[in-house]
Amino acid sequence: MIPLKTDDEIEVQRESSLLVGKTLAEVAKRIEPGIKTIILDRIAEEFIRDNGGIPGFKGYSGFPATLCISINDQVVHGIPSDQILKDGDIISVDCGVIKNGFYGDSAYTFAVGNVKTETLLLMERTKQSLYQGIEQAVAGKRVGDISHAIQSYTDQFGYGIVRELVGHGVGRQLHEKPEIPNYGKQGSGPKLTLGMVIAIEPMINLGTRHITQSQDGWTIRTSDRKPSAHFEHTVAIKNDKADILSSFEWIEAVLKQKSE
Ligand code: MG
Ligand code: MG
């Protein structure tokens, strides 16, 4: 069964999702060569708690941190550590928050210093593939329409689309039905209806789509060790246009300021 949310519940979930966006912006301020990823995690946890939220990932199935920080060939679920970011790295930062009983879930991939053009393009196109998917996230369409939109946009560049990990419903639980794959056929899968809230999250690899799990039991890496990008929004299904509950607005304001 797919849990449906009332309009009031969606507003609560918007608040959680916006807190995720603001948290990622706080993290963005500090992303630079020389910083340890564990420091970014502490900044996020403190900001979430100061704003009345609870880190949504910490303790989830035993995950030890507030953020998933995945560097370069790490796809998702990287654990913050004493590892120091270097010029030319990219990092995917995934954050979940619970506030007033509902989860928000969003992720953004950042450049650390000067990153190769082919990798910057991977990042930009992965973000664009998320918006291609969101365009299909309207009542009356099916999950496969979202999946197909992401896949058909991404395939033209010859990238690898991760299949083992997918987007998901999100609400009182971090992971609810339905699954939202980043590949698939138009018109297939569950019908999208009003009241559904889903996390759409393409994970796109520069090379092969295949992945391996690291010995820490969490970190997913690309099999060929080429870079991977990941962007995610929490969105509510509406009639004509998806309502994006999370936001990259604050993140991108920080990035703009840093580039000036
Ligand atoms: Mg996430
Ligand atoms: Mg998610």
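**Entry 1: Asp 89 and Lys 86**

I started in this predicted model with Asp 89, whose side chain forms a salt bridge with Lys 86, and I noted that the closest N and O atoms of the two are 3.3 Å apart.

**Entry 2: Other salt bridges**

I next searched the whole structure and found 14 salt bridges. As a reminder to myself, side chains of opposite charge can pair when their charged atoms come close.

I looked at Glu 176 and Lys 5, which form a salt bridge with their closest N and O atoms 2.7 Å apart. This pair links distant parts of the chain, since Glu 176 belongs to strand S8 (residues 176-180) while Lys 5 is in the segment before H1, and the two are 171 residues apart. Both Glu 176 and Lys 5 turned out to be buried.

I then turned to Asp 73 and Arg 221, whose side chains meet in a salt bridge at 2.9 Å, taken from N to O.

**Entry 3: Ile 220 in strand S12**

I stayed with strand S12 and looked up Ile 220, which lies in it. Is Ile 220 buried or exposed? Its relative accessibility is 8%, so I wrote it down as buried. I also compared sequence with space for Ile 220 and Val 76, which are 144 residues apart in sequence but 5.6 Å apart in space, C-alpha to C-alpha. Leaving out residues up to four places away in sequence, I found that Ile 220 touches several others, among them Asp 73, Gln 74, Val 75, Val 76 and His 77, and also Leu 165 and Ile 211.

**Entry 4: A network around Asp 243**

Which residues are linked with Asp 243 in a network of salt bridges? I found Glu 11 and Arg 14 there together with Asp 243. Asp 243 lies in strand S15 (residues 243-244), and a polar contact of 2.8 Å joins its side chain to that of Arg 14. The relative accessible area of Asp 243 is 19%, and because buried means under 20%, I recorded Asp 243 as buried. Not counting residues up to four places away in sequence, Asp 243 touches Arg 14, Thr 234, Val 235, Ala 236 and Lys 238.

**Entry 5: Helices H1 and H2**

Last, I looked at how helix H1 (residues 7-30) and helix H2 (residues 37-50) pack, and I noted an angle of about 145° with the axes 9 Å apart. H1 passes H2 in a right-handed crossing. The residues in contact include Leu 19, Lys 22, Thr 23 and Glu 26 from H1, and Ile 39, Leu 40, Ile 43 and Phe 47 from H2. Sorting the contact of H1 with H2 by class, I wrote down eight nonpolar, one polar and three charged residues.

Definitions and conventions
Residues numbered from 1 in each chain as written. Chains lettered and ligands numbered in written order. Predicted model: local features only at pLDDT ≥ 70, side-chain atom pairs only at ≥ 80, totals over all residues. Heavy atoms only, no water. Axes fitted to C-alpha atoms, helices over the stretch in contact; angles between N-to-C directions. Helix = DSSP H or I, 4+ residues; strand = E, 2+ residues; numbered from the N terminus. Left-handed = near helix turned anticlockwise from the far one by under 90°. Contact = heavy atoms within 4.5 Å. Nonpolar A, V, L, I, M, F, W, Y, C, P; charged D, E, K, R; others polar. Salt bridge = Lys/Arg side-chain N within 4 Å of Asp/Glu carboxyl O. Buried < 20%, exposed > 50% of the residue type's maximum accessible area, 1.4 Å probe, protein only. Polar contact = N/O pair within 3.5 Å; in protein donor to acceptor, adjacent residues only side chain to side chain.
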